[in-house]
Amino acid sequence: MKPKILLIGKSGQLGRELNQLLPVLGDLVALDRNQLDLLDPRELRQSIRAIHPGLIINAAAYTAVDRAESDEAAARAINSDAPGVMATEAKEIGACADSLFDRLRLRRIPFQPLLRRGFYKSD
Ligand SMILES: NC(=O)c1ccc[n+]([C@@H]2O[C@H](COP(=O)([O-])OP(=O)(O)OC[C@H]3O[C@@H](n4cnc5c(N)ncnc54)[C@H](OP(=O)(O)O)[C@@H]3O)[C@@H](O)[C@H]2O)c1
């Protein structure tokens with residue numbers, strides 16, 4: 001049976017490509033910012049629980065790297081807190097990365113950034 005895939009951030013550069021490619025892999029539910037705003041963790045939690053996907057793909061991000069330095073709260077909420085909520089909810093509903101890694105026999109590679117280049121993606 002094909003998995004239900006939740007694609008978040010379907011209207012960005014990466015999201016548009018994934019939105020075209022993913023339907024062959026599963027039943028795709030693709031959302032843009034108007035349908036799911038990552039600044040609202042409660043909305044994010046409710047959406048994931050309602051959609052109940054087998055796989056969550058996050059293509060949304062705060063990508064204005066220069067602005068992120070002065071708009072730290074929003075950048076952190078979108079690039080760090082929201083993915084944290086996704087991971088927690090994914091685990092709750094069995095769509096967690098652990099089971100995907102196990103099923104595909106993938107090896108986790110520990111990530112240690114050597115250089116902090118600014119706030120953007122520092123988490
Ligand atoms: N593009 C690449 O070649 C590439 C390569 C490797 C990795 N990546 C990574 O992929 C991610 C996306 O990159 P991108 O190039 O696709 O960036 P992008 O074109 O700027 O797209 C970012 C998307 O995030 C959405 N977004 C921003 N704030 C949001 C919010 N509060 N709630 C929901 N959605 C929100 C934007 O919505 P709006 O359209 O409404 O603004 C936009 O659709 C980044 O983490 C990037 O580092 C990209």
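Proline 41 lies in helix α2 of this predicted model, where helices (H or I, at least four residues) and strands (E, at least two) are DSSP runs, numbered from the N terminus. Local features need pLDDT of at least 70 and side-chain atom pairs count only at pLDDT 80 or more, whereas totals for chains, interfaces and linings use all residues of the predicted model. Residues are numbered from 1 along each chain as its sequence is written.

Proline 41 counts as partly exposed because 17 C-beta neighbours lie inside 10 Å. With C-beta atoms placed from the backbone, a residue is buried if 20 or more other C-beta atoms lie within 10 Å of its own, exposed if 12 or fewer, and partly exposed in between. Apart from neighbours within four places in sequence, proline 41 is in contact with Asp81, Ala82 and Val85; a contact requires that the C-beta atoms of two residues, placed from the backbone, lie within 7 Å. Between proline 41 and alanine 77, the C-alpha to C-alpha distance is 8.6 Å, although 36 residues separate the two in sequence.

Two packed helices are described by the angle between their axes and the distance between the axes. Helix α2 (residues 41–51) packs against helix α4 (residues 72–93) at an angle of about 30 degrees, and their axes are 10 Å apart. Helix α2 is therefore roughly parallel to α4, as angles under 35 degrees count as roughly parallel, over 145 as roughly antiparallel, 65 to 115 as roughly perpendicular and the rest as oblique. Axes are lines fitted to C-alpha atoms, for helices over the stretch in contact, and angles run from 0 to 180 degrees between N-to-C directions. From α2, the residues Pro41, Leu44, Arg45, Ile48 and Arg49 make the contact, and from α4, Asp81, Ala82, Val85, Met86, Glu89 and Ile93. Seven of these contact residues are nonpolar, none is polar and four are charged (Ala, Val, Leu, Ile, Met, Phe, Trp, Tyr, Cys and Pro count as nonpolar, Asp, Glu, Lys and Arg as charged, and the others, Gly among them, as polar).

The ligand is surrounded by 17 residues, of which the closest are Gly12, Gln13, Leu14, Ala60 and Ala61. Helix α1 (residues 13–21) supplies the largest share of this shell, three residues. The shell comprises eight nonpolar, six polar and three charged residues.

The chain as a whole contains five helices and three strands, arranged along the sequence in the pattern β-α-β-α-β-α-α-α. Of its 123 residues, 24% are buried.

Notes
Near = placed C-beta within 6 Å.
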